[in-house]
Amino acid sequence: MPNLKLVIEYVGTAYHGWQVQPAVPTIQGAVQEALGIALRAPVLARGAARTDAGVHARGQVASVVTESQVQTSRLERSLNAILPADIAVRSVVEVPDTFHARHSARGRIYRYQIIEGEPLSPFYREFAAHYRARLDVDAMSEAAGALVGLHDFSSFRAAGDVSDSPVKEIRRSTVERSGEREDLLVYTVEATSFLQHMVRNIAGTLIEVGRGRIGAHEIVSILRGRDRRLAGPTAPARGLCLLEVLYDRLAPHGSG
């Protein structure tokens, strides 16, 4: 049975996250519905990351096992003709049977955008958190850098998170002003995996650092405290985007 790897991008504004839920629109639900139509049989799309309601993606990955024999390029065109305009499949390739979108992943890269000042640009209304005051990017960058490494991130996990372990390894954590426009700040973070709401909780804490309410040096003590109450608030979902899921090099099976 072919095992397919789909790379998917979406605007998450109208959806209740990736994972299928009863009676509400989700990305996984929309993708599986389109696949069912295109393949003429129901299938399960296993996602690499369970993005929250309102969170976007430019590089979500799903793996799909199907009994149908498919031409990947034709399936890609069919899916994009069926899916709503705020979801697109960037690629479909056949991969080894051992590939699993979530379990085979070696890392994930997220971006969080923050836009300052007034008026709020309509182009960023759904894609960035908005703060009227100017933020201290140098302090935010210092605090972000202190998160790199293997740590217990209990201070940045959601209350209902059921992950086995709060210990995660962050490989990259940077804050900088965008080259696109001076009032746009970009937080980029790469890790092996993330706890529920972890990136948004870190982003909310970094914003508090930028506002001067938390010192950059306090990040280390917040980490060591392992207490969610020590960190800042959860930043809005609209600023978060899953940029890429990282894998070992694959040798695709078959051709388009």
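Predicted model: local features only at pLDDT ≥ 70, side-chain atom pairs only at ≥ 80, totals over all residues.
**Exercise 1.** Which parts of the chain does the pair Phe99 and Tyr247 link?

*Solution.* Begin with the total: the model has 3 aromatic pairs. In one of them, Phe99 and Tyr247, the ring centres are 5.0 Å apart and the planes stand at 55 degrees, so this pair is tilted. Now place the residues. Phe99 sits in the loop between strand 4 (87-95) and strand 5 (107-116). Tyr247 belongs to the segment after strand 10 (240-246). Finally, check burial: Phe99 and Tyr247 are both buried.

**Exercise 2.** Which side chain of opposite charge is nearest to Arg111, and how far away is it?

*Solution.* Locate Arg111 in strand 5. Arg111 is buried. The nearest side chain of opposite charge is Glu180, 7.1 Å away. A salt bridge requires atoms within 4 Å. Arg111 has none. Beyond four places in sequence, its contacts include Arg58, Tyr187 and Cys241.

**Exercise 3.** What radius of gyration does the chain have, against that of a compact globule?

*Solution.* For 256 residues, a compact globule would have a value near 18 Å. The chain has 19 Å, which agrees. Buried residues make up 51% of the chain.

Key
Residues numbered from 1 in each chain as written. Heavy atoms only, no water. Phe/Tyr/Trp six-rings, centres within 6.5 Å; stacked < 30°, edge-to-face > 60°. Helix = DSSP H or I, 4+ residues; strand = E, 2+ residues; numbered from the N terminus. Buried < 20%, exposed > 50% of the residue type's maximum accessible area, 1.4 Å probe, protein only. Lys, Arg positive; Asp, Glu negative; His and termini not counted. Contact = heavy atoms within 4.5 Å. Rg over C-alpha atoms; globule rule 2.2 N^0.38 Å.
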